[in-house]
Amino acid sequence: MNTNEHNLGIMPGRWFRQNLLESVFDISKEAARKYRSNGLWLEGKHWRIDPANRIVYNRAEIENWLGGQF
């Protein structure tokens with residue numbers, strides 16, 4: 001490992017905001033929007049609106065989806 005590289009080991013909780021999508025899954029905000037709007041990610045399962053009125057994502061369900069488990 002390069003001495004200038006740092007691995008922060010970020011592990012989000014069950015539900016997390018979209019700013020971590022790219023660092024955890026390499027999924028852009030635009031791709032996530034398309035998955036939601038095309039019905040590939042289901043509200044209440046893959047994503048939901050939190051009490052602060054922000055979209056949050058379910059880590060475990062996205063991992064399942066990426067693994068081919070719908």
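Residues are numbered from 1 along each chain as its sequence is written, and side-chain values use heavy atoms, with hydrogens and water left out. As the model is predicted, local features need pLDDT of at least 70 and side-chain atom pairs count only at pLDDT 80 or more, while totals for chains, interfaces and linings use all residues.

Three strands make up an open sheet, ordered E1-E3-E2, with antiparallel pairing. Strands (E, at least two residues) and helices (H or I, at least four) are DSSP runs, numbered from the N terminus, and two strands count as paired if DSSP finds at least two bridges between them. Strand E1 (15-17) and E2 are the edge strands, each pairing on one side only. From one strand to the next, the twist averages 40 degrees. E1 and E3 run antiparallel and are joined by three bridges; here Trp 15 stands opposite Asn 58 in E3. In general, strands of a sheet pair through backbone hydrogen bonds, either parallel or antiparallel.

Helix H3 (residues 59-66) lies across E1 and E3 and runs at about 60 degrees to E3. Axes here are lines fitted to C-alpha atoms, for helices over the stretch in contact (heavy atoms within 4.5 Å), and angles run from 0 to 180 degrees between N-to-C directions. Asn 58 also caps the N-terminal end of H3, with a side-chain oxygen 3.1 Å from the backbone nitrogen of Ala 60. Beyond the helix, H3 is followed by Gly 68, whose phi is positive, near 90 degrees.

Attention now turns to the charged pairs. The structure holds three salt bridges, each defined as a side-chain nitrogen of Lys or Arg within 4 Å of a carboxyl oxygen of Asp or Glu. One of them brings together the side chains of Asp 50 and Arg 17 (3.6 Å, N to O). This pair links distant parts of the chain, 33 residues apart: Arg 17 belongs to strand E1, and Asp 50 to the loop between E2 and E3. With a relative accessible area of 12%, Asp 50 is buried, whereas Arg 17, at 36%, is partly exposed. These classes follow from cut-offs on relative accessible area: buried means under 20%, exposed over 50%, and partly exposed in between (1.4 Å probe, protein chains only).

Leaving aside residues up to four places away in sequence, Asp 50 touches Arg 17 and Val 56. The side chain of Asp 50 also reaches the backbone nitrogen of Ala 52 at 3.0 Å.

Arg 33 is partly exposed at 37% relative accessibility, as is Glu 30 at 40%.

Conventions:
Polar contact = N/O pair within 3.5 Å; in protein donor to acceptor, adjacent residues only side chain to side chain.
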